[in-house]
Amino acid sequence: MRAARTRSDARVHFDEGPAPGTSAQLPFASALSLLAGGIHAGIAGEHLALWWVYGVFFLVVAAAQAICGVLLAWHATSPVLFLGLWGNVTVIGVYVWSRVSGFVPPAAEAAEPAHLGGPETVGLLDLTALLAELALVAVLVTRLDARWRRGTTNALFALALLAVGLRLSGSL
Amino acid sequence: MLLARRDMFKLGAFGAAAVMLPLERTLGASSSGSNRIKSSRLPGPFTVPFAIPSILRPYRQDETSGTDYYRVYMQPTTAEIIPGLRTPLWGYNGEVPGPTVKVRQGRKVVMRQVNILPARHPVLGYTPWTSVHLHGSPSLPQYDGYASDVTNPGQYKDYRYPNTQTARTLWYHDHGVHHTAENVLMGLAAQYHSTDPNEAALPIPHGRFDVPLIVSDAMFNSDGSLLFDNHSESGMYGDVILVNGRPWPVMKVSRRKYRFRILNASISRSYNWSLDSGEPLTVIGTDGGLMPHPQPVTSFRHGMAERYEVVIDFAKYPVGRRVTLTNASPPNNIGYDNTDKVMAFDVVGDDVDPADNVVPDVLMPDNPVMLLRPQEAVRTRKFDLVRQHGKWTINGTSWADIAASGFTRVEADPRDGDVEIWTIRNDSGGWFHPTHVHLIDFRILDRNGAPAMPHEQGPKDVVYVGEKETVRILARFEGRGRYMIHCHNLVHEDHDMMTQFEVLPPVGSQVRGESPLDEPCTALPEAEL
C-alpha cells in the first residue's frame, strides 16, 4: 500500500542553499536572468512602436527577469526558483512561436501590421537572450530535489516533443 | 547538485528544440538556392507554345448606373512550368497570370476581391494578406490598394474603379505591405485594358492582333516550387523568363502588324528589348496610354511595372522565318544562361486581315499630360532614392515612418489642380529604381539634363531612375487624399522604399480626401454583390 503523501511532500522543493560544489550556481543564474532582462528592456522601445501589446510584453518580461535576477542572488526561495524556471520556459515558448509561426493580432491596431503576421527571423541579440534563458532553466532544474527534477525534465521533454510534432505536422 | 544522465538528455532535447526550430525556420525562409533545380531540367527556350490569359467576364452588369461587377477569388493553384513538375502558385481566380479585364472609358467597375488563400505561405510562413492595386487608375484612396489596407485570408473587399482614364494598359496586382514581392511572384498580377473612342477609331491592331505580354522571371526548386531569394533585400532574379506564365514561349504570327502590350511584371528585373532581326519595334503607347506620335526604336529599356505598347510588323519576314525577342540586360540585374532571350515569333501565314494594320503618324496629340509645360509648375520638389542603415528610403523616409505616424505623414502636399515638377534622384552606383507615383500620369521632362528617351515620350506613371540618374517629371495633381510613391522593385518596396503624398483641396475648399483606410475589408461569408 502506497504511503499517503503529506502536504509538505507535495510541494515543489528546491535546494535553496549552496550544495557542495554549487556555490556559484545562483550568482550565475542571477547574471543570466539579468542579461536576458537587459536584452528585453533594450528592445522594448522598438517593439512598442510596432504595437503597444508587444511593447508591454517586452517591458513585463524585462522587469520580471530583472527582479528574478536580484532575488536569485539575495533571496533564492523555492517560489522564486519555481517562478523563475517556469516563467523563463514560458518566455522561451513565446519566442519559439514568434520565430516559427508568428502572431496575428488585429492588424488595424498595429502601426506595422506586417511585422505581426509572419515569423520573425532569428538574430544575434534574441539568440543570446534565448541561450541565457536556457542556461538559467538548466541551472534552476539542478536546484530541484530529485523527485521534482524528474517530473520537470519529463515535462520539458514533453514540451520539446510537442513542439517538434507540431512543426512536423505543419501546425507550427 | 548534478543531473542524472537521463535528465541531462531531456533538458538537452528541450534546449535543442528551442534553438533549432527557430533556426530551421529562419534558414529555410532565406534559402538561397541550395535546392535550386539544375539548369539541365529547365525547358529549352522556344519549346513551349505561347498562351494568352483569359478574359474576365462581369458577374453582373447594371445598365442604369453603367457599372460592371466582377468577382475575383485569390486562391491557390498549380501549373506545369517545368516539364513534369507542378509549381504551387496563387492566382486571381486560380489563373496565373490572372484574367484580363477589358472596359470602356466611363464604364464603372466594382471588383470584389476575395482572399481565400491559405492562412500561411507554404514556404515562408507569413500570413498572405493582400491589397489589390489597379495600377494606372485614378482610384479613390480607399480603393487604390493602399499597402496597409490589407485583406487577410477569410476576408474580402469591393474595389470601385471609375475608369475615367484614357485608353491604356493597366494592371491589377497585389500591394500588401511587406509581402508584395512574394505575392506577385506567386502569381497575383494581371492586365486590365481600357479603351476610349480615340483609341477604338485608330487603325492600329485590335482584337486578336492586340496581344498582352506579361513578362516575368522566376527561379525554381528541384521539386518545381518557386525559390525565394531576395539577395539580402536587394532583389529577386530568376533564371527562367516567363511570358504570360510560359517559359520562353513561341507564338505563331501572320505576315502583318501586331500590337503587343508589354508589361514588365518581374519583381526586380529590368529588360532591354530588341529583335534579333535588327528591325525596329514601334512604340505607340506608354503607361498612361497612347503617345502623341509613334516612336520606332531598335531597342528600349523597360523597368518593372512599366507598360509599353509596341507594334511589330511581321510582313517584313517570309513565311517560315523565326524572329526572336531578346533582352540585353540593363546594368544592375543578375543574368543567367538564357535570360538574354524572351520569346520567339514563328511567321506562319499570309492570311492577312487588312483591317487595323496601320500605325498612323498621329496617335493622341491632345493628351492633357503631354501638353503640360514646365512654366505651369507652381513648385518643384526633390525626392532622393537612398539606402540608409540597411533600409531603402525616399528622402530618408520609409513606410515604417509613415506607419509610425498613424499614416498621416506625407512627403508632398500639392493642391488639387496644381502642376508640379518632381526631381527624382538616384545617386547610387549599384541600383536602379523604377519609381511609381500613384493616382497621376506624368510626363518625363528630362533625364540628367537630356530629353526623355524616345520610348518614354508618352504619358507615364512609372519612371526608370537608373544608377546616377536624375529625372524630372511634370504632372498635374487632380483628386484628393493620400497616395503612395514607391520603388517598383518589389523587394525594395517591401523593405521599405515607400512613402506617400496628399493631394489637398484647392484654396478656398476645406474638403479633404477620404482616408485610404476608411473602407476596410469584410469578413466572409460574402454579402450580395
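A polar contact is a pair of N or O atoms within 3.5 Å; within protein, one atom must be able to donate a hydrogen and the other to accept it. The exercises below use this term on a predicted model.

**Exercise 1.** Find how many residue pairs are in polar contact across the interface of chain A and chain B.

*Solution.* Applying the rule across this interface, with both residues at pLDDT 80 or more, gives four residue pairs. Next, look at which parts of chain A touch chain B. α5 (78-100), α6 (114-117), α7 (124-142) and α8 (146-168) of chain A each supply at least two residues to that side. The most comes from α8(A), with eleven residues. Sorted by class, this side of chain A has 27 nonpolar, eleven polar and seven charged residues.

**Exercise 2.** State how much area chain A and chain B bury between them, and how many residues each brings to the contact.

*Solution.* The size of an interface is often given as the accessible area lost when the parts come together. Here the buried area is about 3200 Å², with 68% of it on carbon and sulfur atoms. Chain A brings 45 residues and chain B brings 34 residues.

**Exercise 3.** Decide why the pair B:E24 and A:R167 counts as a salt bridge.

*Solution.* The closest N and O atoms of the pair are 2.9 Å apart. The cut-off is 4 Å, so the pair qualifies. The count between chain A and chain B is two salt bridges.

**Exercise 4.** Describe the lining of the second largest pocket.

*Solution.* The lining has 33 residues; among those nearest the centre are B:L89 and B:N244. β11(B) gives the largest share, four residues. By class, 20 are nonpolar, nine polar and four charged.

Key: Residues are numbered from 1 along each chain as its sequence is written. Chains are lettered from A and ligands numbered from 1 in the order in which they are written. This is a predicted model: local features need pLDDT of at least 70, side-chain atom pairs count only at pLDDT 80 or more; totals for chains, interfaces and linings use all residues. Side-chain values use heavy atoms; hydrogens and water are left out. Contact means heavy atoms within 4.5 Å. Buried area is the accessible area (1.4 Å probe) that two parts lose on being put together, summed over both. A salt bridge is a side-chain nitrogen of Lys or Arg within 4 Å of a carboxyl oxygen of Asp or Glu. A polar contact is a pair of N or O atoms within 3.5 Å; within protein, one must be able to donate a hydrogen and the other to accept it, and residues adjacent in sequence count only if both atoms are side-chain atoms. Ala, Val, Leu, Ile, Met, Phe, Trp, Tyr, Cys and Pro count as nonpolar, Asp, Glu, Lys and Arg as charged, and the others, Gly among them, as polar. On a 1 Å grid over the protein atoms alone, a cavity is a set of points where a 1.4 Å probe fits but cannot get out, and a pocket is an open set with protein on both sides within 12 Å along at least five of seven lines; lining residues have an atom within 4 Å of a point.
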